[in-house]
Amino acid sequence: MDTHTEPAPAPIRFDTKIAVLLRADLEPWQRLNVTSFLVSGLGTQLPEVIGEPYEDADGVPYLPMFRQPVMVFEATKETLTTAHTRALSRALPRAVFTSDLFSTGNDRDNRAAVRAVPTAALDLVGLAVHGPKNAVDKVVKGARMHP
């Protein structure tokens, strides 16, 4: 009997973080919808956050997903606004979702709704950011992990 075993590979640690910050007063369906939209933006502009494609034991292929966890937080409207300001000041890649987007029905109207409002007046309900762990932690400071 061979008693020699290979050591287990070291766990993968990331020096970056993906965070989604949601306004605490959203309905459950809105939280899911906003999170889905926000993270889709990160994957399109930051190819390094996407892992390799998946495949099951029968060889059926599946799309690649993020290579690291997505941390989801909730906060008040004021904390979300502060987080947005912090993300901008740190020039972190970000995606926003405003309350106006709940009343639009397509991508063109979504972009027009955001474009129509000055930065400081955006009625944010969600924000996604990616960057170095310490920078993202500073952006979401004051928020709590989503229950």
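Me: Which residues is Phe73 in contact with, leaving aside its neighbours within four places in sequence?

Reply: Phe73 is in contact with Ala19, Val20, Leu21, Leu22, Val140, Ala143, Arg144, Met145 and His146. Keep in mind that this is a predicted model.

Me: Thanks! How many residues does the largest nonpolar core have, and which have the most contacts inside it?

Reply: The largest nonpolar core has 17 residues. Those with the most contacts inside it are Ala19, Leu21, Phe73, Leu127, Val129 and Val139.

Me: Which strands and helices each supply at least two residues of this core?

Reply: Strands E1 (16–23), E4 (70–75) and E6 (124–132) do, and so do helices H2 (77–89) and H4 (133–139). There is also a second, separate core of 16 residues, which includes Leu26, Val34, Leu46 and Val49.

Me: Switching to charges. How many salt bridges does the structure hold?

Reply: The structure holds eight salt bridges. In one of them, Lys17 pairs with Asp137, and the closest N and O atoms are 2.5 Å apart.

Me: Where do Lys17 and Asp137 sit in the chain?

Reply: Lys17 is in strand E1 and Asp137 is in helix H4, so this pair links distant parts of the chain, 120 residues apart. Lys17 is buried, with a relative accessible area of 18%, whereas Asp137 is partly exposed at 36%.

Me: Is Glu74 buried or exposed?

Reply: Glu74 counts as buried, at 7% relative accessibility.

Me: Nice. On to the rings: how many aromatic pairs does the count come to?

Reply: The count comes to three aromatic pairs. One of them is Trp29 with Phe102, an edge-to-face pair at 5.8 Å centre to centre with 65° between the planes.

Me: Why does that pair tie together parts of the chain that are apart in sequence?

Reply: Because Trp29 lies in helix H1 (residues 28–45) and Phe102 in the loop between strand E5 (94–98) and helix H3 (107–115), the pair ties together parts that are 73 residues apart. Trp29 counts as exposed at 52% relative accessibility, and Phe102 as partly exposed at 26%.

Me: Which residue does Phe37 pair with?

Reply: Phe37 forms an edge-to-face pair with Phe97, 5.9 Å centre to centre and 65° between the planes. Phe37 lies in helix H1 and Phe97 in strand E5, so parts that are 60 residues apart in sequence are tied together. Phe97 is buried at 4%, while Phe37 is partly exposed at 45%. Ring pairs link Trp29, Phe37, Phe97 and Phe102 into a cluster.

Notes:
Residues are numbered from 1 along each chain as its sequence is written. This is a predicted model: local features need pLDDT of at least 70, side-chain atom pairs count only at pLDDT 80 or more; totals for chains, interfaces and linings use all residues. Side-chain values use heavy atoms; hydrogens and water are left out. Rings of Phe, Tyr and Trp (its six-membered ring) pair if their centres lie within 6.5 Å; planes under 30 degrees apart count as stacked, over 60 as edge-to-face and the rest as tilted. Helices (H or I, at least four residues) and strands (E, at least two) are DSSP runs, numbered from the N terminus. Buried means under 20% relative accessible area, exposed over 50%, partly exposed in between (1.4 Å probe, protein chains only). A nonpolar core is a set of buried Ala, Val, Leu, Ile, Met, Phe, Trp, Tyr and Cys residues joined through side-chain atoms within 4.5 Å. Contact means heavy atoms within 4.5 Å. A salt bridge is a side-chain nitrogen of Lys or Arg within 4 Å of a carboxyl oxygen of Asp or Glu.
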